[in-house]
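Reader: I would like to go through this structure with you, one question at a time. Please start with the terms you rely on.

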Amino acid sequence: MGSGVRTDPAAGVTGWAPGRAASPRAPRWFGDGPREALPPVRRTRHAGPGRPPGVAGRRTGYGQDRAGRTHRGFHRGGTSLADGALMTDGPDGRSVIVTGGGSGIGRATALAFAAQGDRVVVADLDGAAADAVVIEAVRAGGTATAVPGDLSEQAVVERVTATAVGRFGGVDVLVNNAGIMDSMSALGDVDDAEWERVIRVNLTAPFLLTRAVLPHMLAAGHGVVVNTASEAALRGSAAGAAYTASKHGVVGLTRSLAVTYRGNGIRANAVCPGGTATGIAVAADPTAHGPSALAPHFVNLGRVARPEEQAAVILFLASQAASHINGAILPVDDGWSAV
Ligand SMILES: NC(=O)c1ccc[n+]([C@@H]2O[C@H](COP(=O)([O-])OP(=O)(O)OC[C@H]3O[C@@H](n4cnc5c(N)ncnc54)[C@H](O)[C@@H]3O)[C@@H](O)[C@H]2O)c1
């Protein structure tokens, strides 16, 4: 930490120095809308992709402390334990929530946002996994904090939202990514418990969290939501009845959100991953009708993606480069949906 740096742990800000350059990392963006109207900050020679028209170089950015004061030129602060997880304060960038951030696509997404200077709330049922991702992000120089819990519970949703708002000054980007598979069962074999759990985690949880962050996005006049749907959102042959219905529901949620809030500076899009190498558990029930009926359709799967390949598309949709993409349902599946 350089000289002249103010340390104010009580305010959750560990060393900010207005006017100082942010860390020399990749370009970062601040969502759509009003923040574009903030006064210009330092310009650098960088002229990377996504730069707003008419701006000569990249902005080194703004950050907000917990009191909502906007500072420019944040630089990296120290680390501290907060909300039961390791967290750094300081760098500028957007406030981003990634659900299911402890594993697979969510983990890759959280790390990628943190690497480009955004401040990330890693929300996951598996608290230890979320903590591990936060530690990895912080070690790489990023800012992140973990919130453990089941996102299908309203209390957890409120904790996630309060953490993003209280620690990071709002919610610029929400990535509803947490999800679970079903047993690949056909409709006739799905019991009530499986149906309710899959719908609750895959569909109700994104609804609850989006509803919770919306007032903050509306107040800010901008926000981006990216939902992780699935190939199973596009066809009936990629999973069982419960998962397929839940992911089709995510598409509806995304489109409704995109249309109804497009006048408010809020965009919503969904990615539809094909097969991706993650920790997601698929406990296919061999006695059920589904697995044998579905098996022939998997010949068209294509190459299995790395989680980072899904994360890259999520980051793109959340970026200013995608400022006119709203309501898109984007397959990221090596052409599986094109077959
Ligand atoms: N991996 C694939 O092939 C694939 C394909 C299409 C869609 N998807 C979707 O991608 C998303 C991410 O899955 P993944 O493959 O990275 O799986 P993953 O199991 O590696 O990661 C999912 C994470 O979500 C968390 N989670 C599960 N239920 C939760 C809950 N109730 N509250 C909070 N967190 C919860 C898990 O703890 C886990 O860390 C899911 O929505 C999944 O449906 C995955």
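Author: Two residues are in contact if their C-beta atoms, placed from the backbone, lie within 7 Å. This is a predicted model, in which local features need pLDDT of at least 70 and side-chain atom pairs count only at pLDDT 80 or more, while totals for chains, interfaces and linings use all residues. Residues are numbered from 1 along each chain as its sequence is written.

Reader: How many helices and strands make up the secondary structure of the protein?

Author: Helices (H or I, at least four residues) and strands (E, at least two) are DSSP runs, numbered from the N terminus. On that basis, the protein comes to seven helices and 13 strands.

Reader: In what order do the strands of the open sheet run?

Author: Two strands pair if DSSP finds at least two bridges between them. The open sheet has seven strands with parallel pairing, in the order S9-S8-S7-S10-S11-S12-S13. Its edge strands, each pairing on one side only, are S9 (143-148) and S13. From one strand to the next the twist averages 20°. As for the order you asked about, that is S9-S8-S7-S10-S11-S12-S13.

Reader: How many residues of S9 are buried?

Author: Buried means that 20 or more other C-beta atoms lie within 10 Å of a residue's own; 12 or fewer makes it exposed, anything in between partly exposed, with C-beta atoms placed from the backbone. In S9, Thr143, Thr145 and Val147 are buried on one side, and Ala144, Ala146 and Pro148 on the other. S9 is therefore largely enclosed by the rest of the structure, and its buried count is six of six.

Reader: Which residue stands opposite valine 147 in S9?

Author: Strand S8 (residues 119-124) pairs with S9 in the parallel sense, over six bridges. Arginine 119 stands opposite threonine 143 in S9. The residue opposite valine 147 is alanine 123.

Reader: Which residue does asparagine 176 stand opposite in S11?

Author: S10 and S11 run parallel, joined by four bridges. Side chains in a regular strand alternate between the two faces of the sheet. In S11, Gly223, Val225 and Asn227 are buried on one side, and Val224, Val226 and Thr228 on the other. The residue facing asparagine 176 is asparagine 227.

Reader: At about what angle does H4 run to S10?

Author: H4 (192-220) lies across four strands, S7 (95-99), S10, S11 and S12.

Reader: At about what angle does H7 run to S12?

Author: In H7 (residues 307-317), the buried residues are Pro307, Gln310, Ala311, Val313, Ile314, Leu315 and Leu317. They pack against H1, S10 (173-176), S11 (223-228), S12 (266-273) and S13 (329-332). H7 lies across S10, S11, S12 and S13, and its angle to S12 is about 165°.

Reader: Why does valine 201 count as buried?

Author: Valine 201 is found in helix H4. Leaving aside neighbours within four places in sequence, valine 201 is in contact with Ser152, Ala178, Gly179 and Ile180. It counts as buried because its C-beta neighbours inside 10 Å number 20.

Reader: How many of the twelve residues of H1 are buried?

Author: The buried residues of H1 include Gly104, Arg107, Leu111 and Phe113. H1 is largely enclosed by the rest of the structure, so the buried count is eleven.

Reader: Which helix gives the most to the shell around the ligand?

Author: A residue is near a molecule or strand if its C-beta atom, placed from the backbone, lies within 6 Å of it. Of the 29 residues around the ligand, Gly100, Ser103, Gly104, Gly179 and Thr278 come nearest. Helices H1 (104-115) and H4 each supply at least two residues of this shell. With three residues, the helix giving the most is H1.

Reader: And how many residues of that shell are charged?

Author: Ala, Val, Leu, Ile, Met, Phe, Trp, Tyr, Cys and Pro count as nonpolar, Asp, Glu, Lys and Arg as charged, and the others, Gly among them, as polar. The shell around the ligand has ten nonpolar residues and 15 polar ones, and the charged ones number four.

How values were computed: Axes are lines fitted to C-alpha atoms, for helices over the stretch in contact, and angles run from 0 to 180 degrees between N-to-C directions.
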